[in-house]
Each structure stands twice: as structure tokens, then as C-alpha cells.
Amino acid sequence: MKKFKLFLGIIALAGGFTFSSCVKDDFDTPPVLVPEAGFESNISIANFKALYSGNGVDSIAFDTIIQGIVVGNDESGNIYKSLIIQDQSGGIEIKLDQSSLYNQYRIGQKIYVKCKGMYLGTYGGLVQLGYLYQGSIGRMPEIFIKDHLFLDSLPGKPLVPALKTIATLSPANLSTIVRFDSVSFDDGGARVFCEQSVSSADDRVMRDKNGSTILVRTSKYANFASDVLPSGIGSVVGVLSIYNGAYQLYIRDRNDIINFQPDSNVYLLNHKFSALAPFTQYSVVGSQVWTASTYGGVNFAQMSGYQSGYFANEDWLISPALNLNLYSNEKLKFDNAMKYGSAGDGTLKAYYSVDYLGTGDPNQATWTEFTGVNYSTGNFTWAQSGEIDMSAINGTNVYIAFKYVCGTAGVPTWEVTNVSLQGKKL
Amino acid sequence: MKKKLLLLFFLSSFVLSYGQSLLKGVVCDANSKKPLSGIAVVLNTKQGFTDDLGKFEFSVDPQEYTLMIVADGYDTYIKVIQVATSDVLMDTINLVMKTELPSDAMAVAEVSMGSSDFESSKEGQNVSSLLHSSADVFNNIADFNLSSIRFRSRGYDSEYEEVYISGMRMNDAENGRPSWSEWGGLNDAMRNKQGVYGVESTPFAFGGVGGTTNINTRASGMRKQNKITYALSNRSYNNRITYSYGSGVLKNGWSFSVNASRRWSQEGMVEGTTYDAWAYFLGAEKKINSKHSIAFSVFGSPYKRGLQSSSVQEAYELTGNNLYNSNWGYQEGEKRNARIRKAHEPKFIINDYWKVNEKLSITNTLGASYSRYGTTSLNWFDALDPRPDYYRYLPSYQLDAYAKAALTDAWKNDPDKTLTQIDWAQLYNINYIANSVGSQAKYVLEERRDDHLRFMGSSVFKYQKTEELTFNGGLEYEYFIGNHFKTLNDLLGGEYIYDYDQFAERDFAGDSVKLINNLDDPNKKILVGDRYGYDYTMKSHTAKLWGMATLTRNNFDAWVSANLGFNSFYRQGNMQNGRYADNSLGKSEVSSFITYGIKVGGTWKISGRYYVQGNAGYLTRPPVMNNMFTSIRISNKMLDNVGIESNLSGDISFIFKGTRANAKVTAYQTYFKNQSELIGFYHDVYRTYTVMVLTGVDKVHQGFEIGGDYKISKSFTAVGALGLGNYRYTSRPTAYTSFENGSLPDTSSTVYSKYFYVSGTPQNVASIGLKYSNAKYWFIDLNANYYDNLYLDFNPARRTQTAIANLGYEDPMIETITKQEKLPAGFTLDASIGKSWRVKDYYIGINFNVSNILGTQLKSGGFEQMRFDYETKNLDKFPPKYFYGYGRTFFLMLSVRM
């Protein structure tokens, strides 16, 4: 028994050793570390950019420190491997060879940049801070980033974009966050920000009330690239850039598209005559007919009674059937041009009919001429018809037609294009 | 008392025969002179066990016999006996204690198991596992000395080896492999093993092509003892304490056994590998009456350990550390491993040993197993890859010379380890920044769980029709439920995550459904402990019926066995995934397979010393469940080209058993036909989990095994083993590649891998050793081992037409791309020294083992990365990943037994 007690003692000892030896593999959550740069900037961004010689790549040899608030990063994928920071004086784009930058450099994050050892250069006219890559400005390798970029505190409130108008943009606004009110996108509601079929990025035209335009450039990798451009009118925020003298705007994410009031206007017709169809022609008199033609990059429908001689003609250019009962507030517009005749000579007139059958001699139907139309005065000068109100016209098979009539003297040539009929869907 | 011969039969039961005369003897411990009970006594092909008083007896015919007594912890006793017509009463046989070498051997094999961090969700350990006291001299040497270099007997994958514990099959129903870590640390409880290599016959199951082992945990078979050991090592753990107790058979018919251990270290030889493994075993057995004994076994090995990574050669060279482990990093000054495996897989087994009559015995078994098996891993959402050795972070990826130099320098001198190891502080900071803007966490730790529950029942009989004719057979059934899912383990300071597939978000721009992993609750904020990502259950039924007839004659044994198997399984999706909205939830098609096998073999006993043994078998097996599904985590989509596999195998051996020398020469040939292999990996280009299933894989494994030992003198024994193998692919498999997020259609291509080498094991091995032991219980072992023809696991995609497209005929690049890499041959030297004492009633043993004395760090394996740059075909862009062996290690053990 004694020996057994001794053995029990050994077991107790071993057991104690066993249970008391702990292997640490559980970890607490460390406290939040609020980063602090611990030094100050010594030059404003605007003054720093002004140091750039203007051509090639300049290496920065002095202890230059800038600071700014992040206004653009790669969160949505529209901006790639770049940060845009801004101070009171201006903004600058910093090119960095690292992805998912936004996790560290959120919008509203204050950072300091020690620029010594970095490079200044331009791309398409935009001054950028980065690194030397094959003689041009390139991205700074990841390994060096931590020696140059320093966070200061946690992300703060994002900067409020400066309200601008397209016409009054200046180079001082480059690489800053700007806002435009009451703007619309060409092809709004119809095209996406960027097709996936393009190689990298695509431009869309943004237009303000005054008719000024700016290109909005979107990468195919942006998470909103496949979204449809907003229709109607609203406000747009973005980082201003420039490429070979033309301003560009980079939207950071969908939240930069603000308060677009959807415009319910739709096109019942929007034809530019690269071919006659869906319009049809009908020749009542003469062997000359309406044809699709082009000049100076513009497509149009053309009719003339002249063909190595003058011939009497009556020729109709007729739209497809339009169901106006589905729309209200219809507005017709078209462009026209003529030569070899005199202004308002009546050889071309625009009509509509609610009882035309769609085929056959239009003279069998009742046609009403549009009034108040502005016609070309000659010399092939394009005239805009002006807005023709069709809101009072109803019918499920309404046709619009252009009727050309001439005798054997004073035979003009007429051209018609950009026939658009917009209406609000009921 | 003489008549009261209690034979403690193991599962194989016992052989009693009634011949003209009797051979009797008593077995005692040479030191204590006390009788040893339950010791296996082998007389030619007959086997019995000593009773409580150490006695045994056999009925014998007049002829020459070889008597062999195999006892764990003792030197094997062999004697040739000439039996005449009268009874033979032998002198007391004194067995000499071998100190604790066998348990030490287990420890050596154990430490090399499963320490690597493979990509697959749950892998078996490809370590030769048939450690048992067999007479197979080649494998005894090879298993012990070559386990550290991942030598696999005959190159067989462990899924071809069937492992049973007290009648319960341990092979995983999903991947087919036994996982020895499920009962790690229970060396004493798992000591009684019976096993065969290849297609030899076994009395407890039909068996697999690669061998069959049964570990018997009957309490009555455990050595009567109280034992405690402590070991110190510098391998995967530093400390090990074990306790074992065996009550022996008590007067009331009960037997009890206990085994418990803990293995632990804050850090193993590889940096960042924490190790904390406990183990318990409780066994009880009650002899109800002369016909029934009921045994219970309960055991498990709960453990938690930090895993080791594999890396590219560049990382090993930059850090100057062949054991570089990219899985850990400092968190507030302490090493934290991102890959923690936490498992506990307890098993419950009940056996009824029923001796119906003198001729018929039946063993009935009921078993149940529950498994909790999880491995943590970092995951990240639209953020930088946190793994320090990601290829873009290595100097070789840098184009700018100055940046390359700076990065090389930073890798070589990284005092705070924020570059070369995981920068936990940075991960936390990024999450804190995300919190400040209300974003989801960018970095999290997830735990991937592979749990299971299974129930089995079996009945195995032995019917000794006549002295010459024996029938064995049985029925076996298993119901398996495997549940696979992941849970959020640690938000790393973040607040929540969404259950979206960020890559689907990119690949299906504008699609708001495809990115959702769980359509049932698409916008749920996932918190710690929540299941997310995927959740599915695999259910299978397996039934087996087998029978065997054995004919035993004086000059030959012959046997034939056959089996019939039924297997059916299906997947049950528990989450409706946006990528497979109509094919992820609910039950998949049910797959059913009927398989069969036939084995035949025999031994020609030329004399008591010379034997010729031959075995052959043709077996079919159902495909591994996981290989039938192309995106098993999130879809019920199945491959219908995966079919039944067939194996044809045979071996022939010449065996010599002498009093001073033993030798065995074996030639073997095994054909594997229509195997399937599954390779799951993360595709960097398409940024999605990708599965490649190879079908129609044929292989041949052929070779020679030569082993022998020679007792030079009373104290010196020389041993030697030589294995020459040729393991090759013999077909051109078809590779089906499937992208889990479905962003690209599945593709299939022919893999030109005919005559490629099977990887994962050296094909040629040699080992020689010298053993010294003396009467004062000193022993010294010296071993020299050599291996060669170890090949790198190859990427099938690099052996396709697409991989060499646009290369001209005879372009040298073709060979560079398609050639399989051979790893360097290796040489190791091992030594052990031990001594044991008896102090009153205590047996004290101490031994010290040093493996790889020369300390050479050898590549022990590796694999080519699955990513390949089809454009530039630059192999250095995604170079292979390697594993290195430990170099010099030691193991020091002290044991006290009473």
C-alpha cells in the first residue's frame, strides 16, 4: 500500500504539472489605436504643386510635407491605385501601387505626406505625386508607402464639395471635390455609366442648363459601371480631373449622384436617318424619290426634283404609326435644310394624319399641316423646326409626314433629319 | 488448474486444436519471475494466449514447429521445437523486458502527423500507420525509421487502408481516410494491434487493398499496470505526460483500463505552432458468464493546435528558415496563429464477445462517434491579402529594382515581424477604421467546421468447422451524417460582416441575388458564432457483407474471401445560395453503388523456417463522396463521370525465420483503375474557390521489399530494410474544373500525366541499423536511412494542351512546363539510448532518442501551385510550395511503472 501511495503522489504531482501548464491561444481585442502623425506640414498643396517644373518628372529632394483630407479613393473601383487629398488651397492625386487603399484611407481621413523621395509629374495635364516609372510619373511601390503616408486620427467628416458651374472651372479646382447642380446626362436613362465591353473606361456627357458640357469618366471596374445613367435633372459630385485640356469628372460612388428628378419624357421618335426606315417614302408624281444621304458627318433624308433636268414631283416621307393615346404633352422637333429655292417657298411642308392607313397613296387620307414651323432659308443651312406641340392630337395610328412638291421650275433640294417626338408616358 | 485454461482471445479469437500430443509452457518476466498473462503465443500458424498463470498449451502433431512469443515491451522469443509423439513440457520461458522502446516508436510516428496545413478541409494523415507487432521484418523497420520522411508502405494512399478500433471502422465516410489524430496520445490503450499489409487475409474484416488494422481496446487485454510517463521533446510538442492503468481480470469478472495524456507546448519546433492536446480512454469489460463478455470503450483526444504553413522557396531563403511559418504574427507581443485546429471526436464502442460453443464465436459491436472538427482561417473582404507570403508581397514580384532591393532587405531584417508575419495590429486598425465609418469588418477569423455523427453496428463470426477448415465472416453497417459549415470566430475588432460573396459581387456586377450566400436572410449582420457562407450535410449508408474460408494443413494454408458492399449517399443543402438558387437547398440526387471483392491467398510451409506466401485480390470501391460534387459547399450539382473504382493487387513473399536471423523478400504489384481525385483551391485569377476533379486516374504500384535481421551475438542485432518501388500514373485522366461562383462555365480537359510519378512518398528507401541490448537493461539503437525518388505533387492544369498552347513544336519550354520535379534524395542518422531499472516494485525506464543527428533539413514534400500563367508561361511567377523536415530533434522519456 505504501508503494501505491508513493505512486499516487507521483500521479498527483504529474497531474498538477499537467493542469497548471497553460498554452496561451486566446487573445483579447487590443484597444483602438488612434493614429497620430506627430509632425506638421510645411507647405500647402497648391504651393507644392506650383513647385513642379511643368515638364518631365521632378524628384522631390527637400523635406516637404503636405497634409490633406482624403476626398477620393478606390472604394467603388472607379479610382484605381490613387488617393486624392485636398487642403484649403487645393488638391492633389497621389499614385500608390497598392489596392484596397480605402480601408486605410477613408474619405474624410486626414493624412500627412512626406514628399521627399517621391516624384511630381503630369499625366494628360494633371499634376500627380508618385514615383518614377520608366521615365514618367508612376505609382509608388507598396514597400515605400509606410515611409511617406501617415494617418492622423480616425476618419472625420467628409469635406463638403465646392459648388461649381462647368463654364467657370479653373485649374485650381483640379483634384478637388466639386459639385454641379441642375445637370443632366446625355442618354440619361438609356445608357450605363460604362459598358463592360470597353477596354478600361468610358466617357459620358454631362450638361448643365446653359448647355455647357463636361465628360464624366467611369472605369469598367467601378461597382456602378453597369448602372444606368440617371435621367432627368439633379446634382453631381466628383473629383475634377483633366485630360489633354478637357476637364473630366470622376464620380466616387453612386452617392455622388444626388436628387435626380426622373424625367418621364420618352422619345416616340428619335430618328437621325442613317437609313430611311422606319420612315417610308411614297412617290405620287415624278420618278425622283426621298433617299437617305449624308454630308459632313450628318445623316439626313433628301429629296430633289432635279436629276440632270427638272422634273415635277410630289413625294411623301411618312413616319411609322404613332400611338399618341399613350402619351401626353407630345413635342415634335426636326431639323431641315434646303438650297436652290427660296425661303418659305412651300415646296416642303410637315403634316400629320389620324386616318392614313399606313400604306398607299397618302392623298387618300386627311392630312393637317403643322403651323409655326421654322424652315431653312437656303444654302443648306440647318434650321431647327422649333417645338411643335402635338398634345392636342390623339389617335392610336397617327402619322407624321413631310411632303415635297415641285414643278419643273424653281426646283429645290430639301433635307430633313433629327426628327424627334417626345412625350410623357401616361 | 491445468484444465482451467483461460484463453484471452483477441478479436481473431483463438485456435484450439486437438492433436495427438500437447505442447505446454509458462511465460514469465525475466526480471520479476512473475507469470505474464494475455501474452500472444504463436506456433506456426496457430495463435493462443497465456492464462492468468502465464500458461499456454497447444495440441500438436509430430513435426518441427517454430514457437514465437510476441509480447509488447519484451523482446520477441523464438524457438524451433521438434515434436515427437509425446507431450512437450517446456522450461519456463523468461521474457526480457525491452524498456519502453515501442511506446517511444509511437511517439515518433505521432509527431509527424497532420502538422501541415493543407488546403483540403479534412485530410487523413498519410503516415504509415500499421505499427504493430507483426513478424513482417521489412515493415517493422520501415514504419519506425522512415515515418519521419513520410514513407508510405508500397506508396498506397491511406484511404486504401482500413482501420478498425474494437470492430468499429475508423475510415472517414467522406474522404475514405482514417485519421489517427482522433485517438492521438493514447498509445497504451491502442497498443494491441493486429494488422496485415496489402491484400492478406484478416479474421475481423474483409479489408482494403492497402492493408487492414484492428486495434483491440478490450480492457481484459490491457496489461495489468499503473504507469506514468513524462517526455520532453522539441518536435511538435515539448511536454507529454501519460498515465495508464490496467486492472487485469478481477475476481468478479470485471476488467478496467484507463489511459490519459496531455501533450503540449506553447510553441513546437515550427514557430507559432501552439499545441495543446489532451486524451482520455476508459475501458471496462465484464465477463458475464462462460459465453459472454461485454466490453465498453470510450475515448477521445480533444486538441487545439496552431498549424504550419507551406511556402515558396523564396520565403524560406529570405527568412533563412526552412520551417518558416506564415500562419502567425505578433499580437501585442505574443505569437498568434491564424490557423488553429480545434477538434474533439469522441467514440463509444460496445462489444459483445460471444462464445456460442467450442467451434463458433461471434463478436457483436455497436459504435457511435461524434466529431467536432474545426480549423480557423483568416478571411477578408475587399482588402489586402493578410498573408505575408502572398506572391505579390515577395521581392520576386517587384519590377522596380530599387523597390525589389528594399523589399528584399525588409524581408531579411524584419525585427518587429510585421512584414514577414501576419500584422495583426494592422488588421485590427483597419477594422477600427471600418467601424468609424459604419462599414462591415474587413478582416475576420472564420472557423471551417467539418463535424460528423455516425452510428455503426457489426457482427463478426468465426466458425471452426474442423481442425483444418475455418470460416469467418461478418456484416457491417454504418450511417454517417457529416455537417459542413463555417462560423464567425473572431471579428478582430470589427462590428459585423454581411454574408455576401465579394467575388460574386465583382463577377456579376449589378446582380443583387448572386452575391448572397443565404437567401433566407440575405441582409443579416453576421456576428461571432453565427453560421454563414455555406452549410450542408452529407448523409450516407454503408453496408458490407463478407465471408472467408481458410484451410490449414501441415504444409500449407490457403484461404479465399469475398465481399459485397452497398453504399448510398446524398447531399442535403441547408442554405439557399444566390449562385445556385434552385440547386443548393434540400436533397441532391441519391447516388448508390454496389461493390464487391474477392481475395485469395496461401502459405506454403516448406519447413518450419522457410515459407512462401502469396496473396491476390480484386476489389471494387465506390467513389469518394466529395469527388462527385463540383461545388459541394454551395450546390447539389453533381458530376456523373465519377464511377466505381477497381483495384487488382497481388504479392508474393519468401520468408525465412531462423533462431538468429529473419528475412523476408516480397514482390508486389497493384493496379488502381478509374480513381478520382479532387483538388480544391482558391483561383487567384478568377478569384473564386475552384474545384478540379480528375476522373479516370489509373496507377500502378509495383516493387520489392527486402527486410532482415540478424542476431550477431547475445547483445547485438543488425537490421536492414530495402524498398524499391515504382509508383506511376498509367492513364490520361480527364480534369473537370468548376468555378464555385459559376462565373465561368465548367471545363474539361485531358491531363497528359501518363507515367508520371505518384507523389507524397519516397519510392525507394533503405534503412540499416544496429541494436545493442544487455542483461543490465541497457539498449542502444543506431540507424541510417536513405530515401530517393520523392516527387513533387503536380498541377494537372500544367499538363494540358491549353498550358502549352502557342508553343512551337520541340520548344524547350514544353518540357519545362510539363516535367515533374524530383526532390533531392535524403540521408538521416538516428540514435536511441535507454536504460531501465527495477527498484523494488517499480520499473523505471529512461530513454533518449535523437532523430536526424546530422541536422540536415530536407524537403519532405510539396506541391505545385494550381495557378499557372497561361500567357507568359513563367513558372517562377507561381513557384511550387515545399515542406521541409524538422532537422535534428530529440525525444527524452522517463517512465515509472508498478
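Guide: Buried means under 20% relative accessible area, exposed over 50%, and partly exposed in between, with a 1.4 Å probe and protein chains only. This is a predicted model, where local features need pLDDT of at least 70 and side-chain atom pairs count only at pLDDT 80 or more, while totals for chains, interfaces and linings use all residues. Side-chain values use heavy atoms, with hydrogens and water left out.

Visitor: Is C194(A) buried or exposed?

Guide: Check its relative accessibility, which is 1%. Since buried means under 20%, C194(A) counts as buried.

Visitor: How many disulfides does the structure hold?

Guide: You'd look for a pair of cysteine sulfur atoms within 2.5 Å. Over all chains, the number of disulfides is zero.

Visitor: How many salt bridges are there over all chains?

Guide: Side chains of opposite charge can pair when their charged atoms come close. The rule here asks for a side-chain nitrogen of Lys or Arg within 4 Å of a carboxyl oxygen of Asp or Glu. Over all chains, that gives a count of 49.

Visitor: Which residue forms a salt bridge with D188(B)?

Guide: D188(B) is itself buried, at 10% relative accessible area. The closest N and O atoms of the pair are 3.2 Å apart. Its partner, buried at 2%, is K227(B).

Methods:
Residues are numbered from 1 along each chain as its sequence is written. Chains are lettered from A and ligands numbered from 1 in the order in which they are written.
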